[in-house]
Amino acid sequence: MMAAKFLNLGDEEPKIGTGLKKKPRTTHARVNPQAIARAGEAHGFTRSTEPADNISSTRRGRPPLNEGMTYWRIYISPQLRDQLNSLRDQEGRRLNDVLQDMLAAYRASKRQVDHGPDHS
């Protein structure tokens with residue numbers, strides 16, 4: 001009897017956990033899976049487990065395993081990014097290949113400026 005009074009566990013006290021039963025529940029609207037699927041398909045994403053159709057772009061994806069590549073994160077303006085991606089898609093090449101050609105062209109133009117025009 002003494003222990004019950006000490007722990008406030010007398011018979012006249014409310015049962016443990018009854019306060020949780022009185023707590024109002026918040027309801028959330030259910031997600032519309034068809035709307036989510038339509039939004040994903042607009043960006044080329046599908047939850048289908050069927051084999052994917054051939055991608056219209058002829059661009060190659062990741063490099064072959066024997067080609068050494070490094071992930072490099074850079075910050076560029078959105079306009080430059082869009083122009084580079086457009087060029088990449090038009091030519092059907094990886095961005096790495098486009099950047100290599102741009103660097104070669106830049107170096108060639110610098111050599112021409114430093115040494116003057118070729119008079120072959």
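This is a predicted model: local features need pLDDT of at least 70, side-chain atom pairs count only at pLDDT 80 or more; totals for chains, interfaces and linings use all residues.
Salt bridges and their burial

Asp97 is buried, its relative accessible area being 12%. The side chain of Asp97 meets that of Arg94 in a salt bridge, with 3.5 Å from N to O. Arg94 has a relative accessibility of 7% and therefore counts as buried as well, the limit being under 20%.

Elsewhere, salt bridges that share partners join Glu91, Arg93 and Asp101 into one network. Within this group, Arg93 forms a salt bridge with Asp101, and the closest N and O atoms are 2.4 Å apart. Arg93 has a relative accessible area of 23%, so it is classed as partly exposed. Asp101, at 44% relative accessibility, is likewise partly exposed.

A further pair involves neighbours in the numbering, Arg88 and Asp89, whose side chains meet in a salt bridge at 3.1 Å, N to O. Here the two partners fall into separate classes: Arg88 is buried, with a relative accessible area of 16%, whereas Asp89 is partly exposed at 39% relative accessibility.

Side chains of opposite charge can pair when their charged atoms come close. With the cut-off set at a side-chain nitrogen within 4 Å of a carboxyl oxygen, the count for the model is five salt bridges. Among them are Asp97 with Arg94, Arg93 with Asp101, and Arg88 with Asp89.

Definitions and conventions:
Residues are numbered from 1 along each chain as its sequence is written. Side-chain values use heavy atoms; hydrogens and water are left out. Buried means under 20% relative accessible area, exposed over 50%, partly exposed in between (1.4 Å probe, protein chains only).
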